[in-house]
Amino acid sequence: MNTPYQIIVGLEVHVQLMTKTKLFCSCKTVFGAPPNSQVCPICLGMPGVLPVMNEQAFQLGLRAALALNCQIANFTKWDRKNYYYPDLPKNYQISQYDLPFSYEGYLDIDTSSGSRRIGIIRAHLEEDAGKSMHDESGRGGDSKVDLNRTGTPLLEIVSKPDIRSAEDAETYLRELRLLLREIGVSDCEMQEGSLRCDANVNIHILYSSDNGEEIAATPLVEIKNLNSIGSVGRAIQYEAERQYEAFQKDPKNYRFGKLLKTTAGWNEARGMTQVQRHKEEAADYRYFPDPDLVPVVVTAEQIEEVKRSLGELPSQQRTRLQAAPFSLSAYDAQVLTGQGRKMVAYFEEVAKISDPKSACNWLTNEVFASLKERSEEIDQFPIRAPQLGELINEMKQLGIKREKARDVYQKMLAENVDAKTAIDQLGYKPFDDNLLLDLIRKAIEGNRKAVLDYKKGNEKALDRVFGTVMRETKGMGRPDRIKQLLLEEVAKIEA
Ligand SMILES: [Zn+2]
């Protein structure tokens, strides 16, 4: 511990599943539709209606749970979580309480201090509530409610309190987002609310008392409304420091665990948490099984089928890219994998034609920037993998320098031509030995004195001749070859 305390964090993440319709009715889930245009008696909570589970939502939940290495319950049921909110017309939310469909998993993350395994307590399905819209002008306008989101399928993923820093938390969220996008479970757009995160934060403090060294734990604070990965990190850091200050003011209060868990909001503008209320416990919600929905039974065959369809996951991809034949650094593997499967496939193709290190450098130095500039995905990029591989090979063979190679690349991109054509049109002709010898002989003629000085033992004198030849090739001659030929020519001259 560098600080006098250890940060302990568990994250609760809600992701909206990529289904076309809601969890228990056939209403659409399009983001940004006019308020209350995607509702029906079922999601409006009218009496007498019958909800029916969306099979696709369950399948997507299963995909996520298996990718998170969770155990799958072969029998799972639905529960009503009772509470009253203006944006919850049924007065209860359908969720999973004591029998979640998955539990006991983990997600491995790569942090700056090495690989860490974050445990997953459970992942369960539930329906979303609507949205209250308050008039914030201060002029006393009405509050309104939009129920489009009511009944949208959510997957709640609860981590163990294994997260030890703000950085860990951000890395975990980035990895989770990448994973869920790659396996087609959620788009995880935080601005649209399809990934939301609550952080449970407390700290353990080592302190000296009359009984010697003791560890005090501060009460949990659950921070809500975190709507970007960066704000999760900032909120955790702020809250840890705040809890430590509070402890120092009144250490006695913390010794007997008398303080209650609280809920706080994160104020991004002011960069601080604000306590909202004492947290309800499960008993306050009066959970009971939903009598309208049948329990779900999952078979071993279904689980095997979903596992087979997952494909290579980001952590497996990182491991593979660091091994032969690619042998990339952990950092490079992380950067490439972070761009998604399509980028990794493109990289592999370029690497097979050229070499992995050059392929990776070209992607991270040039292609990423081009994609951003052109707002394109890699599968729309006009320079296809074989062409980029060819450019890298030509560059090596002809001894084309980096800046010139970049010109070739830009021409390929702008005019949609292959590497050889672009090199030809730019007049970047390679200098073969005959052409080089011509230039070398001329340079020796023009620098007689320098050559004689060299012969007399002034090693440095030859640099001038070498420089002349290099200039003449305009960066298209290979320096090692020029040096070799020059030395051979000079050797023939009598002192
Ligand atoms: Zn509906």
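The model is predicted: local features need pLDDT of at least 70, side-chain atom pairs count only at pLDDT 80 or more, and totals for chains, interfaces and linings use all residues. Residues are numbered from 1 along each chain as its sequence is written. The chain is divided into domain 1 (5–300), domain 2 (312–425) and domain 3 (433–492), with bounds from an automatic or database domain assignment.

**Domains 2 and 3**
- Their C-alpha centres lie 35 Å apart.
- Four residues of domain 2 are in contact with four residues of domain 3, where contact means that C-beta atoms, placed from the backbone, lie within 7 Å.
- The side of domain 2 that touches domain 3 has one nonpolar, one polar and two charged residues. Ala, Val, Leu, Ile, Met, Phe, Trp, Tyr, Cys and Pro count as nonpolar, Asp, Glu, Lys and Arg as charged, and the others, Gly among them, as polar.

**Nonpolar cores**
- A nonpolar core is a set of buried Ala, Val, Leu, Ile, Met, Phe, Trp, Tyr and Cys residues joined through C-beta atoms within 7 Å. Buried means 20 or more other C-beta atoms within 10 Å of the residue's own, exposed 12 or fewer, and partly exposed in between, with C-beta atoms placed from the backbone.
- In the largest core, of 66 residues, the members that touch the most others are Ala64, Ala65, Leu68, Ala169, Tyr172, Ala199 and Ile236.
- Helix H1 (residues 55–67) supplies the largest share of this core, eight residues. Helices (H or I, at least four residues) and strands (E, at least two) are DSSP runs, numbered from the N terminus.
- Another core, of 32 residues, lies apart from the largest one and includes Ala351, Val408, Tyr409 and Ile423.

**Helices H7 and H9**
- H7 (residues 341–353) and H9 (residues 385–398) pack at an angle of about 35°, with axes 8 Å apart. Axes are lines fitted to C-alpha atoms, for helices over the stretch in contact, and angles run from 0 to 180 degrees between N-to-C directions.
- H7 contributes Tyr346, Glu349, Val350 and Ile353 to the contact, and H9 contributes Ala385, Pro386, Leu388, Gly389, Glu390 and Asn393.
- The residues of this contact comprise six nonpolar, two polar and two charged.

**Lys77**
- Lys77 sits in the loop between strand E3 (75–76) and strand E4 (79–82).
- Lys77 is partly exposed, because 17 other C-beta atoms lie within 10 Å.
- Beyond neighbours within four places in sequence, Lys77 is in contact with Leu99, Pro289 and Pro295.
- Lys77 and Val297 are 220 residues apart in sequence, and 8.9 Å apart in space, C-alpha to C-alpha.

Key: Two residues are in contact if their C-beta atoms, placed from the backbone, lie within 7 Å.
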